[in-house]
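Reader: Could we go through this structure together? I would like to begin with the ligand site.

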Amino acid sequence: MLDPSTDEIRNWGNSVIQLMTNYLGDLRDHRVYGRMSSREIRGRLDSTLPTHGTDFDGLLKVFRETIIPFSRQNAHPRMFGYVQSPGTALAAFADLLASALNANLTVWRSAPAPVELERLTIDWVRQILGFNAEAGGLFVSGGSMANLAAIATARQAKNRSSARLRMYASSETHFTIAKAAALLGIGLENVRHVAVDKHFKIRTDDLVAKINADVEAGDIPFCVVANAGTVNTGAVDPLVEIREIANRFQLWMHVDGSYGAFAVLAKSARGLFAGLEQADSIALDPHKWLYLPVDVGCVIYRAPETAQATFAHDAEYTRIIGEEADEAFAFWDYGPELSRRFRALKVWMLLKGVGLHSLGEAIESNLACARYLESLVRARNDFEMVAPVELSIFCFRHVPSHLRSESPQAIDEFNERLLIALQRDGSSYLSNTTLGGRFALRGCVLNYRTTLRDMEILLDDLRRVAKTLPTSV
Ligand SMILES: Cc1ncc(COP(=O)(O)O)c(C=O)c1O
C-alpha cells in the first residue's frame, strides 16, 4: 500500500474516477443534507487503531458508504448556505496532480516551475482586479489567513508610535478581521465598529467621526477595512470614498473581498468595485467565487515590499546562496507560512482551462438567480425581503397568512424552526443571519449549476416544509 505498483495505481485511479463520475453525475438527485448524528457516524467508522493495513477497495467503500451520504453535498445546485463553493472536476484533478508532485512552494529553488506558476497566476489575479503592475501577493489557506496577513502588514507599515493603534470596519464586517486584530495583539477593543446605512454599507460620516474622536484622544488610527461583499448581505462599501478618507488620515486601506471581489468579472456588478485597485491590500477567496474546492485564499499587496518588511526572516538553515535575484525569491517573505501546498495549480488550471469569459458568465448567472429570487419574493405576499440584493446573497423570511398579524418575535421563531426543518428535509439548504435584530433566512448563490428554476424550487420547498410545522407559534 505504501509504494504501490503502476498497475495498482492505475486500478485505484480507475475506481476513484468511476466513483467521482457516479457521484457528480447524479448530484441533483441527492439530498443536500439530512438528519444525521455524530453518534450514528461514529458508529459506522471502525475506531480500532489500525495495526495492519486495509486494501484500497475497503478504504473506498468507507468513502462511498459513509463519507458521501453523511456529508453536506456542497456541490448541489440548491446548496445556498454560508459562502460555499461547489468545487469543479478540473480542480479535483489539479489537487490530485499537485499532491502527486508534492511540490513545496517555500522558495524558488524548492519548486522552480510551481513557484513560477504561482507568480504568473497571482499576476493574472492582479490584472483581473486592475491593480498596478508592481502589486503582488500569494495564495494562502483562505480569507481568514489573507485578512491576517494584510492586517499584519498594515500595522507594520503604519506603526511608528507607541500610542494606541485603532482600526475601523463596518459592523457588518466578517469576524476574521477582529480575530486578526486580536491575534496580532492590536486588541479587539481597538477595532472600531462603524455604523451602516439601510443598504448595510459603511456610513462614511460615522467613520470620519470615529477617526476624529480617536485622533483627539491621542490614539493612532492606522487602518480602515472596506468590504467588497459583506458575508451577511453582500453589501459593497463605497470604495472610492473610503480611499479618499484613508488618504486624508494616512490610513492603510484593506479590502475584504473574500466573498465578493471576483464578481468584478461580471459586467452587471463591475461598477460596484470602482476604486478596488486603489486599496493597499485585498483578501480574496478563489475557493468561493472562482468555484474552487477548499483550500485556496489569496492576498494581494499594492506594494509587496511592505509585506516583505513584515514577514521576511533570516535563518542560517534557510539562507539562500548562489542564486540570482529572480531565483532567490521566497514566498515566506510575503506571508506567515513556510511549507505551502501547490494551490496555484488549481487556480491556474481553472483560469486557463475555463477562461475569464465563461467565468464571468457563470458569476453573472449567479447574480441573476439572486435577483430573480428577490423579484419572486417581492411579487408574493407570503415572503418578504429583509435586505436588498447587491450581489448573490439574499436575506428574506416566510410570513404565511396565518402569521401576518403575529409579533415580530413569533415570526422570527417560526422562521428559525422553518430553517431547521428545511435543512433536515434536504431538497434545498439555507443558512441564517440576524439583521436589525430580526432573524433572516439567508442564501448565497455560488454554484455554476444553479438555475432560475432552482430559485422557484427553493420557495416551493419552504412552503411545503412550512406546512409540516405546527401552526401554533
Ligand atoms: C467576507 C468574508 N471574509 C472572510 C471570510 C473568511 O474566509 P475563509 O473561510 O476562507 O477563511 C469569509 C468567509 O465566508 C467571508 O465571507
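Reader: How many nonpolar, polar and charged residues does the shell around the ligand have?

Author: The shell has three nonpolar, nine polar and three charged residues. Here Ala, Val, Leu, Ile, Met, Phe, Trp, Tyr, Cys and Pro count as nonpolar, Asp, Glu, Lys and Arg as charged, and the others, Gly among them, as polar. This is a predicted model, in which local features need pLDDT of at least 70, side-chain atom pairs need 80 or more, and totals for chains, interfaces and linings use all residues. Residues are numbered from 1 along each chain as its sequence is written, and side-chain values use heavy atoms, without hydrogens and water.

Reader: Which residues are the closest to the ligand?

Author: Gly143, Ser144, Asp256, Asp285 and His287 are the closest of the 15 residues that surround the ligand (a heavy atom within 4 Å).

Reader: Which helix gives the most to that shell?

Author: Helix H6 does, with three residues. Helices are DSSP runs (H or I, at least four residues), numbered from the N terminus.

Reader: And what lies 2.6 Å from an oxygen atom of the ligand?

Author: A polar side-chain atom of Asp285 does. A ligand oxygen is also 3.1 Å from a side-chain N or O atom of Lys288, and one is 2.8 Å from a polar backbone atom of Gly143.

Reader: Changing topic, how many aromatic pairs are there in the whole structure?

Author: A search finds ten (Phe, Tyr or Trp rings, the six-membered one for Trp, with centres within 6.5 Å). One of them joins Tyr33 and Tyr429, 5.5 Å centre to centre with 85° between the planes, and is edge-to-face (over 60 degrees).

Terms used: Polar contact = N/O pair within 3.5 Å; in protein donor to acceptor, adjacent residues only side chain to side chain. Helix = DSSP H or I, 4+ residues; strand = E, 2+ residues; numbered from the N terminus. Phe/Tyr/Trp six-rings, centres within 6.5 Å; stacked < 30°, edge-to-face > 60°.
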